[in-house]
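Hi,

Here's the structure I said I'd pass on. Have a look at it first, and my notes on what turned up are just below.

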Amino acid sequence: MELCAQSTLREYNDFVWNHPKGHWLQAPEWSGVKKQWKWEGIIERDGSGAIAGVMSVLIRRIAGIGVTLMYSPRGPVCDPHDEETFTRLIADAKLLAKKRRSYVIKIDPDVPADDEAFAALVQKLGFVIGSDFENELDGIQPRFVFRLYLNGRGEDKLMASFHSKTRYNIRLAQRRGVDVKIEDKSKLPLFCALMKETGERDGFATRPLPYFETMMDVMGGHCRLYMAYYEGEAVAGTLAVHFGDKVWYIYGASGNKHRDAMPNYLLQWHMIQWAAELGVRVYDFRGVSGDMDETKPIYGLYRFKKGFNGDFTEFIGELTLVTKPLMYFLLTNALKFYKKLRSKL
(Lines give C-alpha, C1' and ligand atoms only; values in the text may rest on other atoms or scores of the structure.)
Protein backbone atom coordinates (compact mmCIF):
# COMPACT_ATOMS: atom_id res chain seq x y z
CA MET A 1 0.00 0.00 0.00
CA GLU A 2 1.43 3.37 -1.06
CA LEU A 3 0.19 6.33 0.91
CA CYS A 4 0.77 9.90 -0.25
CA ALA A 5 3.82 11.46 1.40
CA GLN A 6 5.24 14.96 1.28
CA SER A 7 7.53 13.86 -1.57
CA THR A 8 4.58 12.68 -3.71
CA LEU A 9 2.03 15.35 -2.72
CA ARG A 10 2.46 17.46 -5.86
CA GLU A 11 2.32 14.39 -8.14
CA TYR A 12 -0.84 13.29 -6.34
CA ASN A 13 -2.51 16.68 -6.65
CA ASP A 14 -1.56 17.07 -10.32
CA PHE A 15 -3.18 13.71 -11.06
CA VAL A 16 -6.44 14.71 -9.36
CA TRP A 17 -6.45 18.13 -11.06
CA ASN A 18 -5.99 16.71 -14.56
CA HIS A 19 -8.16 13.58 -14.36
CA PRO A 20 -11.70 13.71 -15.87
CA LYS A 21 -13.05 12.34 -12.58
CA GLY A 22 -11.04 14.83 -10.50
CA HIS A 23 -12.91 16.70 -7.80
CA TRP A 24 -11.98 19.40 -5.31
CA LEU A 25 -13.08 17.09 -2.49
CA GLN A 26 -10.36 14.65 -3.54
CA ALA A 27 -7.64 17.32 -3.36
CA PRO A 28 -5.28 17.08 -0.36
CA GLU A 29 -6.00 20.74 0.47
CA TRP A 30 -9.59 19.87 1.38
CA SER A 31 -8.40 18.07 4.49
CA GLY A 32 -7.43 21.51 5.81
CA VAL A 33 -11.14 22.32 6.04
CA LYS A 34 -12.11 19.02 7.70
CA LYS A 35 -9.91 19.55 10.73
CA GLN A 36 -11.64 16.91 12.84
CA TRP A 37 -10.70 14.27 10.29
CA LYS A 38 -7.33 12.71 9.52
CA TRP A 39 -6.37 12.59 5.83
CA GLU A 40 -4.67 9.79 3.92
CA GLY A 41 -4.12 9.53 0.17
CA ILE A 42 -3.92 6.07 -1.41
CA ILE A 43 -1.91 5.80 -4.64
CA GLU A 44 -1.97 3.05 -7.27
CA ARG A 45 0.52 3.02 -10.15
CA ASP A 46 0.64 1.37 -13.56
CA GLY A 47 3.46 -0.76 -14.94
CA SER A 48 5.51 2.31 -15.92
CA GLY A 49 5.30 3.80 -12.42
CA ALA A 50 2.85 6.55 -13.35
CA ILE A 51 -0.18 7.12 -11.12
CA ALA A 52 -3.23 5.24 -12.40
CA GLY A 53 -5.61 6.06 -9.58
CA VAL A 54 -5.82 7.72 -6.18
CA MET A 55 -8.24 7.73 -3.29
CA SER A 56 -8.41 10.63 -0.84
CA VAL A 57 -9.69 9.27 2.47
CA LEU A 58 -11.00 11.20 5.48
CA ILE A 59 -10.87 9.30 8.76
CA ARG A 60 -12.85 10.32 11.83
CA ARG A 61 -12.66 8.77 15.28
CA ILE A 62 -15.96 7.95 16.96
CA ALA A 63 -15.62 9.41 20.44
CA GLY A 64 -15.46 6.94 23.32
CA ILE A 65 -15.74 3.81 21.18
CA GLY A 66 -12.25 3.31 19.76
CA VAL A 67 -13.29 2.89 16.13
CA THR A 68 -13.23 5.21 13.13
CA LEU A 69 -15.26 5.96 10.03
CA MET A 70 -13.55 6.20 6.62
CA TYR A 71 -15.02 8.35 3.87
CA SER A 72 -13.74 9.14 0.38
CA PRO A 73 -15.82 12.08 -0.95
CA ARG A 74 -16.36 11.76 -4.71
CA GLY A 75 -13.61 9.15 -4.79
CA PRO A 76 -11.75 7.25 -5.92
CA VAL A 77 -10.26 9.20 -8.84
CA CYS A 78 -9.55 6.74 -11.64
CA ASP A 79 -11.15 5.29 -14.74
CA PRO A 80 -14.20 3.58 -13.18
CA HIS A 81 -13.94 0.85 -15.82
CA ASP A 82 -10.29 0.12 -15.03
CA GLU A 83 -11.23 -2.83 -12.88
CA GLU A 84 -7.66 -3.68 -11.87
CA THR A 85 -6.83 -0.19 -10.56
CA PHE A 86 -10.18 0.28 -8.84
CA THR A 87 -9.95 -3.13 -7.18
CA ARG A 88 -6.43 -2.41 -5.90
CA LEU A 89 -7.55 0.96 -4.51
CA ILE A 90 -10.35 -0.70 -2.56
CA ALA A 91 -8.06 -3.49 -1.36
CA ASP A 92 -5.66 -0.90 0.03
CA ALA A 93 -8.57 1.01 1.57
CA LYS A 94 -9.47 -2.19 3.43
CA LEU A 95 -5.89 -2.48 4.69
CA LEU A 96 -6.04 1.13 5.84
CA ALA A 97 -9.38 0.45 7.53
CA LYS A 98 -7.82 -2.41 9.46
CA LYS A 99 -4.90 -0.21 10.50
CA ARG A 100 -7.19 2.64 11.57
CA ARG A 101 -9.86 0.40 13.16
CA SER A 102 -12.56 1.66 10.79
CA TYR A 103 -15.93 -0.05 10.97
CA VAL A 104 -17.09 1.19 7.55
CA ILE A 105 -15.77 2.63 4.27
CA LYS A 106 -18.06 5.04 2.41
CA ILE A 107 -17.58 6.39 -1.10
CA ASP A 108 -19.83 8.35 -3.49
CA PRO A 109 -17.95 8.39 -6.82
CA ASP A 110 -18.58 10.57 -9.85
CA VAL A 111 -20.23 7.72 -11.76
CA PRO A 112 -23.72 7.80 -13.35
CA ALA A 113 -26.46 5.65 -11.84
CA ASP A 114 -27.04 3.84 -15.14
CA ASP A 115 -23.45 2.51 -15.33
CA GLU A 116 -24.33 -1.16 -14.90
CA ALA A 117 -20.75 -2.40 -15.31
CA PHE A 118 -19.52 -0.21 -12.45
CA ALA A 119 -22.48 -1.19 -10.26
CA ALA A 120 -21.63 -4.86 -10.79
CA LEU A 121 -17.97 -4.19 -9.93
CA VAL A 122 -18.62 -2.43 -6.63
CA GLN A 123 -21.14 -5.06 -5.57
CA LYS A 124 -18.60 -7.76 -6.35
CA LEU A 125 -16.15 -5.93 -4.06
CA GLY A 126 -18.67 -5.97 -1.22
CA PHE A 127 -20.27 -2.52 -1.43
CA VAL A 128 -23.95 -1.92 -0.82
CA ILE A 129 -25.48 0.64 -3.18
CA GLY A 130 -27.87 3.22 -1.80
CA SER A 131 -28.81 4.56 1.60
CA ASP A 132 -31.64 4.86 4.05
CA PHE A 133 -32.15 8.58 3.40
CA GLU A 134 -35.73 9.61 2.78
CA ASN A 135 -34.52 12.70 0.93
CA GLU A 136 -31.56 12.37 -1.43
CA LEU A 137 -30.44 15.87 -0.41
CA ASP A 138 -29.73 14.41 3.04
CA GLY A 139 -26.78 12.39 1.73
CA ILE A 140 -23.19 13.35 2.36
CA GLN A 141 -22.91 14.40 -1.29
CA PRO A 142 -25.92 15.02 -3.54
CA ARG A 143 -27.02 12.11 -5.68
CA PHE A 144 -28.91 14.31 -8.14
CA VAL A 145 -27.30 17.37 -9.71
CA PHE A 146 -27.57 19.61 -12.74
CA ARG A 147 -24.46 19.90 -14.89
CA LEU A 148 -24.01 22.46 -17.64
CA TYR A 149 -21.54 21.26 -20.25
CA LEU A 150 -19.97 24.39 -21.71
CA ASN A 151 -18.43 22.73 -24.80
CA GLY A 152 -16.36 25.81 -25.55
CA ARG A 153 -19.41 28.06 -25.92
CA GLY A 154 -19.06 31.78 -25.29
CA GLU A 155 -21.41 33.96 -23.28
CA ASP A 156 -23.84 34.69 -26.12
CA LYS A 157 -24.38 31.03 -26.96
CA LEU A 158 -24.69 30.07 -23.32
CA MET A 159 -27.26 32.79 -22.65
CA ALA A 160 -29.22 31.74 -25.74
CA SER A 161 -29.34 28.15 -24.43
CA PHE A 162 -31.14 29.12 -21.20
CA HIS A 163 -34.90 28.90 -20.91
CA SER A 164 -36.63 32.16 -21.86
CA LYS A 165 -37.85 32.82 -18.29
CA THR A 166 -34.31 32.41 -16.97
CA ARG A 167 -32.93 34.86 -19.54
CA TYR A 168 -35.72 37.29 -18.61
CA ASN A 169 -34.91 37.06 -14.90
CA ILE A 170 -31.17 37.62 -15.46
CA ARG A 171 -31.91 40.73 -17.51
CA LEU A 172 -34.54 41.88 -14.99
CA ALA A 173 -31.90 41.82 -12.25
CA GLN A 174 -29.57 43.83 -14.46
CA ARG A 175 -32.27 46.38 -15.29
CA ARG A 176 -33.16 46.82 -11.63
CA GLY A 177 -29.56 47.61 -10.82
CA VAL A 178 -28.52 44.47 -8.92
CA ASP A 179 -24.75 44.73 -8.54
CA VAL A 180 -22.72 41.51 -8.31
CA LYS A 181 -19.19 41.74 -6.89
CA ILE A 182 -16.39 39.25 -6.25
CA GLU A 183 -15.47 39.77 -2.62
CA ASP A 184 -12.71 38.68 -0.26
CA LYS A 185 -13.36 36.84 2.98
CA SER A 186 -13.92 40.09 4.89
CA LYS A 187 -17.46 40.01 3.43
CA LEU A 188 -18.16 36.50 4.72
CA PRO A 189 -20.08 37.83 7.76
CA LEU A 190 -22.59 39.36 5.31
CA PHE A 191 -22.82 36.02 3.50
CA CYS A 192 -23.30 34.11 6.77
CA ALA A 193 -26.07 36.48 7.89
CA LEU A 194 -27.89 35.81 4.63
CA MET A 195 -27.21 32.08 5.00
CA LYS A 196 -28.83 32.16 8.45
CA GLU A 197 -31.93 33.79 6.94
CA THR A 198 -31.99 31.13 4.21
CA GLY A 199 -31.69 28.29 6.71
CA GLU A 200 -34.45 29.67 8.92
CA ARG A 201 -36.71 30.17 5.91
CA ASP A 202 -36.08 26.79 4.28
CA GLY A 203 -35.54 24.69 7.39
CA PHE A 204 -31.92 23.53 7.31
CA ALA A 205 -28.88 23.94 9.54
CA THR A 206 -26.12 26.28 8.38
CA ARG A 207 -22.36 26.31 8.85
CA PRO A 208 -20.57 28.86 11.04
CA LEU A 209 -18.39 31.71 9.80
CA PRO A 210 -15.01 30.01 10.61
CA TYR A 211 -15.88 27.12 8.27
CA PHE A 212 -16.25 29.44 5.28
CA GLU A 213 -13.17 31.43 6.28
CA THR A 214 -11.11 28.24 6.38
CA MET A 215 -12.55 27.10 3.07
CA MET A 216 -11.52 30.32 1.32
CA ASP A 217 -8.06 30.19 2.93
CA VAL A 218 -7.48 26.56 1.94
CA MET A 219 -8.77 26.83 -1.63
CA GLY A 220 -7.16 30.23 -2.26
CA GLY A 221 -7.97 31.78 -5.61
CA HIS A 222 -9.86 28.64 -6.63
CA CYS A 223 -12.71 29.65 -4.31
CA ARG A 224 -14.76 32.76 -5.03
CA LEU A 225 -17.29 34.62 -2.93
CA TYR A 226 -19.91 36.43 -5.02
CA MET A 227 -22.18 38.97 -3.34
CA ALA A 228 -25.25 40.62 -4.88
CA TYR A 229 -26.25 44.12 -3.73
CA TYR A 230 -29.50 45.96 -4.30
CA GLU A 231 -29.58 49.67 -3.52
CA GLY A 232 -26.36 49.17 -1.57
CA GLU A 233 -27.73 46.35 0.59
CA ALA A 234 -26.39 42.78 0.47
CA VAL A 235 -29.32 40.62 -0.68
CA ALA A 236 -27.73 37.35 -1.81
CA GLY A 237 -24.42 35.55 -2.09
CA THR A 238 -22.77 32.40 -3.40
CA LEU A 239 -19.55 30.45 -3.07
CA ALA A 240 -18.03 28.74 -6.11
CA VAL A 241 -14.98 26.50 -6.48
CA HIS A 242 -12.81 25.87 -9.54
CA PHE A 243 -10.80 22.66 -9.70
CA GLY A 244 -9.47 20.99 -12.84
CA ASP A 245 -12.00 21.04 -15.67
CA LYS A 246 -15.00 22.02 -13.53
CA VAL A 247 -16.52 24.89 -11.57
CA TRP A 248 -19.00 24.07 -8.80
CA TYR A 249 -21.69 26.23 -7.24
CA ILE A 250 -21.18 25.19 -3.61
CA TYR A 251 -23.28 27.39 -1.33
CA GLY A 252 -25.99 29.94 -1.90
CA ALA A 253 -27.74 32.35 0.46
CA SER A 254 -30.44 34.96 0.01
CA GLY A 255 -32.25 37.34 2.30
CA ASN A 256 -36.00 37.70 2.62
CA LYS A 257 -36.00 41.20 1.13
CA HIS A 258 -35.82 42.17 -2.55
CA ARG A 259 -36.14 38.62 -3.84
CA ASP A 260 -38.26 40.00 -6.67
CA ALA A 261 -35.11 41.72 -7.99
CA MET A 262 -33.91 38.21 -9.00
CA PRO A 263 -30.37 38.46 -7.58
CA ASN A 264 -29.95 34.66 -7.53
CA TYR A 265 -30.30 34.45 -11.31
CA LEU A 266 -27.67 37.11 -11.85
CA LEU A 267 -25.30 35.42 -9.39
CA GLN A 268 -25.56 32.16 -11.33
CA TRP A 269 -24.85 33.99 -14.56
CA HIS A 270 -21.69 35.55 -13.13
CA MET A 271 -20.43 32.16 -11.95
CA ILE A 272 -21.16 30.62 -15.35
CA GLN A 273 -19.27 33.50 -16.97
CA TRP A 274 -16.29 32.67 -14.73
CA ALA A 275 -16.46 29.04 -15.86
CA ALA A 276 -16.53 30.16 -19.50
CA GLU A 277 -13.53 32.46 -18.96
CA LEU A 278 -11.58 29.57 -17.44
CA GLY A 279 -12.46 27.33 -20.37
CA VAL A 280 -13.63 24.48 -18.14
CA ARG A 281 -15.72 21.58 -19.38
CA VAL A 282 -18.45 21.55 -16.72
CA TYR A 283 -20.35 24.02 -14.57
CA ASP A 284 -21.96 22.00 -11.77
CA PHE A 285 -25.06 23.41 -10.05
CA ARG A 286 -24.79 20.70 -7.38
CA GLY A 287 -27.75 19.16 -5.60
CA VAL A 288 -31.41 18.94 -6.40
CA SER A 289 -34.03 16.47 -5.24
CA GLY A 290 -34.81 13.46 -7.38
CA ASP A 291 -38.50 13.96 -6.51
CA MET A 292 -40.16 15.66 -9.50
CA ASP A 293 -43.45 16.30 -7.71
CA GLU A 294 -44.30 19.91 -8.63
CA THR A 295 -46.53 20.29 -5.57
CA LYS A 296 -43.61 19.97 -3.13
CA PRO A 297 -41.68 23.07 -2.02
CA ILE A 298 -38.31 21.59 -2.98
CA TYR A 299 -39.38 21.45 -6.64
CA GLY A 300 -38.63 25.18 -6.82
CA LEU A 301 -34.90 24.44 -6.51
CA TYR A 302 -35.16 21.93 -9.36
CA ARG A 303 -37.08 24.42 -11.54
CA PHE A 304 -34.55 27.20 -10.84
CA LYS A 305 -31.52 25.12 -11.85
CA LYS A 306 -33.31 23.46 -14.76
CA GLY A 307 -33.87 26.89 -16.27
CA PHE A 308 -30.15 27.13 -17.11
CA ASN A 309 -30.59 24.11 -19.39
CA GLY A 310 -28.06 21.84 -17.73
CA ASP A 311 -28.21 18.06 -17.83
CA PHE A 312 -30.05 16.39 -14.98
CA THR A 313 -27.52 13.88 -13.67
CA GLU A 314 -28.08 11.02 -11.25
CA PHE A 315 -24.96 9.55 -9.64
CA ILE A 316 -24.76 5.99 -8.38
CA GLY A 317 -25.06 7.39 -4.86
CA GLU A 318 -23.56 6.45 -1.55
CA LEU A 319 -21.70 3.11 -1.50
CA THR A 320 -21.06 1.39 1.82
CA LEU A 321 -18.50 -1.29 2.60
CA VAL A 322 -18.93 -2.63 6.13
CA THR A 323 -15.73 -3.86 7.78
CA LYS A 324 -17.08 -4.43 11.33
CA PRO A 325 -20.70 -5.66 10.95
CA LEU A 326 -21.74 -5.61 14.63
CA MET A 327 -20.34 -2.13 15.23
CA TYR A 328 -21.96 -0.89 12.01
CA PHE A 329 -25.35 -2.27 13.11
CA LEU A 330 -25.14 -0.67 16.55
CA LEU A 331 -23.92 2.74 15.39
CA THR A 332 -26.29 2.96 12.42
CA ASN A 333 -29.34 2.27 14.57
CA ALA A 334 -28.15 4.71 17.22
CA LEU A 335 -27.83 7.40 14.55
CA LYS A 336 -31.35 6.70 13.25
CA PHE A 337 -32.73 7.05 16.77
CA TYR A 338 -30.84 10.32 17.27
CA LYS A 339 -32.17 11.79 14.00
CA LYS A 340 -35.76 10.87 14.90
CA LEU A 341 -35.38 12.37 18.36
CA ARG A 342 -33.84 15.56 16.96
CA SER A 343 -36.62 15.96 14.40
CA LYS A 344 -39.27 15.62 17.14
CA LEU A 345 -37.50 18.13 19.35
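Before the strands, one term: two strands count as paired if DSSP finds at least two bridges between them. Also keep in mind that this is a predicted model.

Strands E6 and E14 pair in the antiparallel sense, over two bridges. Isoleucine 129 has leucine 319 in E14 as its bridge partner. E14 also pairs with E5, again antiparallel, this time over four bridges, and there valine 104 sits opposite valine 322 in E14.

Zooming out, these strands belong to an open sheet of seven, ordered E1-E2-E3-E4-E5-E14-E6, with mixed pairing. The edges are strand E1 (2–3) and strand E6 (128–129); each has a single partner strand, so one side of each has no neighbour in the sheet. Elsewhere in the sheet, strand E2 (residues 38–45) and strand E3 (residues 51–62) are antiparallel and share eight bridges. Lysine 38 stands opposite isoleucine 59 in E3.

Now the helices. Helix H1 (residues 9–18) lies across E2 and E3, and runs at about 105° to E3. Helix H2 (residues 83–100) lies across E1, E2, E3, strand E4 (67–72), strand E5 (102–107) and strand E14 (319–322), running at about 145° to E2.

H2 has a helix partner too: it packs with helix H3 (residues 116–124) at an angle of about 35°, the axes being 11 Å apart. That crossing is right-handed.

On charges, a search of the whole structure gives 18 salt bridges. One of them joins aspartate 110 and lysine 21, with the closest N and O atoms 3.9 Å apart. Aspartate 110 is in the loop between E5 and H3, while lysine 21 is in the loop between H1 and E2, so the pair ties together parts that are 89 residues apart in sequence. If you re-run the search, note that the cut-off for a salt bridge is 4 Å, and this pair comes in at 3.9 Å.

Phenylalanine 329 is part of helix H10 (residues 325–344).

Cheers

Definitions and conventions. Residues are numbered from 1 along each chain as its sequence is written. This is a predicted model: local features need pLDDT of at least 70, side-chain atom pairs count only at pLDDT 80 or more; totals for chains, interfaces and linings use all residues. Side-chain values use heavy atoms; hydrogens and water are left out. Contact means heavy atoms within 4.5 Å. Axes are lines fitted to C-alpha atoms, for helices over the stretch in contact, and angles run from 0 to 180 degrees between N-to-C directions. A crossing is left-handed if the near helix is turned anticlockwise from the far one by less than a right angle, and right-handed if clockwise. A salt bridge is a side-chain nitrogen of Lys or Arg within 4 Å of a carboxyl oxygen of Asp or Glu.
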